[in-house]
Amino acid sequence: FPLLGKKKGTYTRSADIIKDELTKTYETTGSTSFYITDDTFNDDNDKLDVFHKMFTSLPFEPKLTGYLRLDLINRFPHQAQLLTEMGFVGVFFGIETLQPESARSIGKGLHPNKVKDRLYWLAEQWKNKINSTSGFILGLPYDTNEYFDELFNWSMEDDNPLQEMIFYPLKLFNNKGNKDLDRYNSEFALNPEI
């Protein structure tokens, strides 16, 4: 959370340094699997191009997983191919909800119908090469029992494009004023009244 709203290009480590670290790790341990801890790996097309070039030039084929934004893949569909080429085998999307009013209330811009369309499109593009996971928050404003039934039923469908769906209850904490925690809190924790 401290990096939300960061300026483009001010938060990314050098691709050359990362390439050296990955190569040394591979040479000393044989590891080819890496978890990218960037909060949103696909947030910048220029950054994605740089890292695509770096990952595809490694002396081994990496297996990568990390956090992505589905709305950006919707806006920039070419990202799907780049992610495959650079070695992604798993992604986590913060979809949070498929209830339209709840999505609007928490600032999710992509309509849930479009979310599902894009997920099915990705499943076709990735053809079981990349596993997709998403978290869903239960208890957002406008959630209903009917929505929960619909969501759970969709989660059980054989053709569901998500290999894993994780359900979290909405938790609100009032940590205001705790200077050590404030910078790590979400908007929910900082302003639970909204």
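1. A crossing is left-handed if the near helix is turned anticlockwise from the far one by less than a right angle, and right-handed if clockwise. The crossing of α1 and α2 is right-handed. The contact, meaning heavy atoms within 4.5 Å, involves Ala15, Ile18, Lys19 and Leu22 on α1 and Val50, Phe51, Met54 and Phe55 on α2.

2. This is a predicted model, in which local features need pLDDT of at least 70, side-chain atom pairs count only at pLDDT 80 or more, and totals for chains, interfaces and linings use all residues. Residues are numbered from 1 along each chain as its sequence is written, and side-chain values use heavy atoms, with hydrogens and water left out.

3. Helices (H or I, at least four residues) and strands (E, at least two) are DSSP runs, numbered from the N terminus. Glutamate 101 sits in helix α5 (residues 100–105). Its relative accessible area is 35%, so glutamate 101 is partly exposed (buried is under 20%, exposed over 50%, partly exposed in between; 1.4 Å probe, protein chains only). From C-alpha to C-alpha, glutamate 101 is 9.4 Å from histidine 111, and the two are ten residues apart in sequence.

4. Most residues other than glycine have a negative phi. Lysine 127, not a glycine, has a positive phi of about 40°. It belongs to the loop between α6 (112–126) and β4 (131–138). Lysine 127 counts as exposed because its relative accessibility is 52%.

5. Tyrosine 142 also has a positive phi, near 80°. Its place is the loop between β4 and α7 (145–155), and at 53% relative accessibility tyrosine 142 counts as exposed.
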